[in-house]
Amino acid sequence: MQTSTKAAFGAGVATLVGGAVGQGLGVARAARAMNGQIDADLEFLLENGYLPNVQPVLPLTGSRPRSKVAIFLTSWAIGSLGIFVLIFLASVLVTAAANDPEHSVALAVVGGGLTGLGAGILGGWLPGLILFAILGTRENVRRAVGVVLEEFREYWEARTEAMHAIPQGRDPYVVWNCLATYRLPLDDA
């Protein structure tokens, strides 16, 4: 393997490992926030016999998921643009630094632009793959957190219904048992 291929491979592996850790941390953070809200509500319910009128700790709607094809095309376009800019600038600077009277600056710009365009289109996939790994992992985290947010939305609907049912005579212990089932299983040790 060539050194540049090894470096790209290493960057890809590091990105995937970091993404997996980040995904676990993002989901755990959202789940802990949800469980914290549930624990506070249940404790308040046992002490006072009703639920407090508070704002939710998590948003009740998640973000809309992006397609993997759109993420890939965006990554390839950004990688191609980066390669284009690098090759274009390098080509123009080298031609201008040569100070050749036969080649004008306009010719250097056109030549650099065409060279950069070709290199960007053909070579944009390598930085695009690294960027795709990063953006794809971020999208996976967003989708996993969206699952927790969906669970939280269901809890909040049940909580709102219970908040209105307790003053109408529903037993707070029955409400406590119902709301306690929404707690997500985590290793809180």
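1. Let me begin at Trp176, which touches Leu42, Leu45 and Leu46, leaving out residues up to four places away in sequence; contact here means heavy atoms within 4.5 Å. Trp176 sits in helix α5. Trp176 counts as partly exposed because its relative accessibility is 28%; buried means under 20% relative accessible area, exposed over 50%, and partly exposed in between, with a 1.4 Å probe and protein chains only.

2. A word on the basis of all this. This is a predicted model, in which local features need pLDDT of at least 70 and side-chain atom pairs count only at pLDDT 80 or more, while totals for chains, interfaces and linings use all residues. Residues are numbered from 1 along each chain as its sequence is written, and side-chain values use heavy atoms, with hydrogens and water left out.

3. Now the overall fold. The chain has 5 helices and 0 strands, where helices (H or I, at least four residues) and strands (E, at least two) are DSSP runs numbered from the N terminus. Among the contacts with a separation of 6 or more, 84% join residues 24 or more positions apart.

4. On burial and surface, 27% of the 189 residues are buried. The chain exposes about 11,900 Å², with carbon and sulfur atoms supplying 66% of it; these areas come from the Shrake-Rupley method with a 1.4 Å probe.

5. Next, the largest nonpolar core, which has 21 residues; Met34, Leu51, Phe152, Tyr155, Val175 and Leu179 touch the most other members. Such a core is a set of buried Ala, Val, Leu, Ile, Met, Phe, Trp, Tyr and Cys residues joined through side-chain atoms within 4.5 Å. Helices α1 (3-48), α4 (125-165) and α5 (172-180) each give two or more residues to this core, and α4 provides the largest share, 9 residues. Beyond its neighbours within four places in sequence, Leu51 is in contact with residues including Phe44, Arg159, Met163 and Leu179.

6. Finally, what about Ser75, buried or exposed? Ser75 counts as buried because its relative accessibility is 0%. Ser75 lies in helix α2 (residues 68-98) and touches Gly128, Leu131, Phe132 and Leu135, not counting residues up to four places away in sequence. A polar atom of the Ser75 side chain lies 3.4 Å from the backbone nitrogen of Phe132.

Terms used. Polar contact = N/O pair within 3.5 Å; in protein donor to acceptor, adjacent residues only side chain to side chain.
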